[in-house]
Structure formats: structure tokens, C-alpha cells
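Please keep the structure open beside them and look up each residue as it comes.

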Amino acid sequence: MKINTSFSVVIRLFLWLVMIVGGAVYALMIDWGSPLFSNIAFHIVCALLGIIILKLAFNAAGNGGRELTKGRVGDIPRMETNRLVTTGLFSCMRHPMLFGLTLLPLGWGLLLGSPTFIMVIAPLEMLFIIVMVIIFEEMEVKRKFGEAYKAYSKEVPMVSFNSECLKKLFKNRG
């Protein structure tokens, strides 16, 4: 069984990790000693909110990943598909996992209790994730699945804020 991951996925994961860790280091350096960063009540509230948001993000990634495995047939690299998945979460939005993972920078910033990360870095990283999806992810799936994906993209939005879709996305599956 092949467990290799494509180069583009590895690059995106590496960039994402550098952004999260680098952003945290930078934000903590900026915030260190500030009155808000030194406030225990602020840290408690932020940590609780951060845990909730991170839980939602990981639920979304897990739920989307389970559905996406239906697109894996044969011996292909990890985190790759060779069949277009249009069922479950993918019937109401094209990028459910990435939509959920977009919440990770905000959850991480809240967990750190860093005002700079929450207000500046997290929104920039969230925007970067969205741009990566629009540019790279969409380009790759259009190339991989051709007309079938073009038809699918006309019917299903990139993301959906429909309450039923969001319930499926963020549902805790154990």
C-alpha cells in the first residue's frame, strides 16, 4: 500500500505549519508584557472559546475526511482522491474540510490568549487559507475531474452557511 503524499499537499501543509508556529511566536513576542495578555480572566475566556473553535475545526476535518475517503480507490497517495466525491457534506459544499480548518488559526490564537494573533494574524492566515483553496485546490480538482467537476461546481457552492450543512460539518462523531 502506497502512503506517499503528493508534493503540493506537503508544501501546503508545510506553509500552514510555518504560518501557525511563526505567527504564534511573533504574536507572543508582541503581546508579552501587555496588560491584556497579563489578564487571567482574558486567558480563561479565550482558552474556553479556543477549545470550542478548535473542536469544531477538527470535527469538520474528520467528518470531511471520512466522506472524502469514498473518493480513494486503489493504491494512491494519502490525502488524495481519484474519484469525485459529491455525497454527504460534499453535496452541500465543495470544500467542507478546508472550511472547517479555516477556523484553526482563530482557535489557536484564542487558546494562546494572544490579542495580536486573534486580531491580526488569525484573520490573515484565514484569508491565506481561503486564497489557497480558491487558487490551488480548485485548480487541481478542475484538472483532475474536468467536466464532471465543472458541472458539480455549478450546482454546489464552495462553502455553505446552510444550518443543516453546518450541523453535518461540525457534528461530533466520537
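1. Glutamate 67 lies in helix H2, which covers residues 40-68. Its relative accessibility is 12%, and because buried means under 20% relative accessible area, glutamate 67 counts as buried. Please bear in mind, here and in every point that follows, that this is a predicted model.

2. Which residues does glutamate 67 touch, once its neighbours within four places in sequence are left aside? The contacts are with Val85, Thr87, Gly88, Leu89 and Phe90.

3. The C-alpha trace spans about 55 × 35 × 30 Å along its principal axes. Of the 174 residues in the protein chain, 39% are buried.

4. Helix H4, residues 104-112, and helix H5, residues 115-155, have axes that come within 8 Å and cross at roughly 160 degrees. Why is H4 described as roughly antiparallel to H5? Angles over 145 degrees count as roughly antiparallel, and the crossing angle of H4 and H5 therefore places them in that class. The crossing of H4 and H5 is right-handed.

5. In the contact of these two helices, Pro105, Leu106, Trp108, Gly109, Leu110 and Leu112 in H4 meet Phe117, Ile118, Ala122, Glu125, Met126 and Ile129 in H5. Sorted by class, the residues of this contact are ten nonpolar, one polar and one charged.

6. Helix H4 also packs with helix H1, residues 7-31, at an angle of about 30 degrees, and the axes of H1 and H4 are 11 Å apart. Because angles under 35 degrees count as roughly parallel, H1 and H4 are roughly parallel to each other. The crossing of H1 and H4, too, is right-handed.

7. On the H1 side of this contact are Trp16, Ile20, Ala24 and Leu28, which meet Leu104, Pro105, Trp108 and Leu112 in H4. How many nonpolar, polar and charged residues does the contact of H1 with H4 have? There are eight nonpolar residues, with no polar and no charged ones.

Note on methods. Residues numbered from 1 in each chain as written. Predicted model: local features only at pLDDT ≥ 70, side-chain atom pairs only at ≥ 80, totals over all residues. Heavy atoms only, no water. Axes fitted to C-alpha atoms, helices over the stretch in contact; angles between N-to-C directions. Helix = DSSP H or I, 4+ residues; strand = E, 2+ residues; numbered from the N terminus. Parallel < 35°, antiparallel > 145°, perpendicular 65-115°, else oblique. Left-handed = near helix turned anticlockwise from the far one by under 90°. Contact = heavy atoms within 4.5 Å. Nonpolar A, V, L, I, M, F, W, Y, C, P; charged D, E, K, R; others polar. Buried < 20%, exposed > 50% of the residue type's maximum accessible area, 1.4 Å probe, protein only.
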